[in-house]
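Visitor: Hi, I've got a few quick things to ask about this one. Can we have it up on the screen while we talk?

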Amino acid sequence: MENLALLWGIVGPGVSGAVFGAGWWFWVDAVVCSAVQVSFLHYLPGILASLAALMFNAVNKDEIGYDYYSPYGDDSEWRVKLWLFVAYVVSFVCLAGSVGLLVQDALTDKGPSVWTGVAGVLQCVLVLISGLIYWTCHSED
């Protein structure tokens, strides 16, 4: 089991980067292949999903447990949990926004195609999955 954790620590960041790149590749493909100009509103879920993945990767896994010791003498565990809560709220808002834009693109004829909406949802899902993969595999050593 220890070898599996070591292997995951070595291979995990590469897998995370590949999933992140695939998410953004779907989005770039949809924007390039779109017949109409894609508004900036369609870009926001992917940008905010990348920000959310960065936010929850800024937290050390050791700071979440109940046996966390803060060298500053204060009880700062609640700040870490609040930061993670905000990061996950941002990520779920991004997912909801991308699904809303998918529905909007599917119902209107004058906007971007449905593929743009599907690519936006795929982008958000893959970017957030890549953030979670990286959070599970990286170490602070």
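Guide: Let's begin with cysteines: a disulfide here is a pair of cysteine sulfur atoms within 2.5 Å. This is a predicted model, in which local features need pLDDT of at least 70 and side-chain atom pairs count only at pLDDT 80 or more, while totals for chains, interfaces and linings use all residues. Residues are numbered from 1 along each chain as its sequence is written, and side-chain values use heavy atoms, with hydrogens and water left out.

Visitor: OK, how many disulfides does that rule give?

Guide: Zero disulfides by that rule.

Visitor: And cysteine 33, buried or exposed?

Guide: Cysteine 33 is exposed, at 54% relative accessible area. The cut-offs are under 20% for buried, over 50% for exposed and partly exposed in between, with a 1.4 Å probe and protein chains only. Cysteine 137 counts as buried, at 7%.

Visitor: Switching topic: where is serine 16 found?

Guide: Serine 16 is in helix α1, residues 2-33. Helices are DSSP runs of H or I with at least four residues, strands are E runs of at least two, and both are numbered from the N terminus.

Visitor: Why does serine 16 count as buried?

Guide: Because its relative accessibility is 6%. Leaving out residues up to four places away in sequence, serine 16 touches Ser130, Ile133 and Tyr134. Contact means heavy atoms within 4.5 Å.

Visitor: Which residues touch the most other members in the largest nonpolar core?

Guide: Ala49, Phe56 and Leu128, out of 13 residues in that core. Two or more residues each come from α2 (40-57), α3 (77-107) and α4 (114-137), and α2 gives the largest share, five residues. A nonpolar core is a set of buried Ala, Val, Leu, Ile, Met, Phe, Trp, Tyr and Cys residues joined through side-chain atoms within 4.5 Å.

Visitor: What does phenylalanine 56 touch?

Guide: Not counting residues up to four places away in sequence, phenylalanine 56 touches Leu84, Ala87, Tyr88, Leu128, Gly131, Leu132 and Trp135.

Visitor: Last topic, then: which residues line the largest cavity?

Guide: Among them are Trp27, His42, Pro45, Ser98, Leu101 and Gln123. α4 gives the most to that lining, with four residues. A cavity is a set of points on a 1 Å grid over the protein atoms alone where a 1.4 Å probe fits but cannot get out, and lining residues have an atom within 4 Å of a point.

Definitions and conventions. 1 Å grid on protein atoms, 1.4 Å probe; cavity = no way out; pocket = protein on both sides within 12 Å on 5 of 7 lines; lining within 4 Å.
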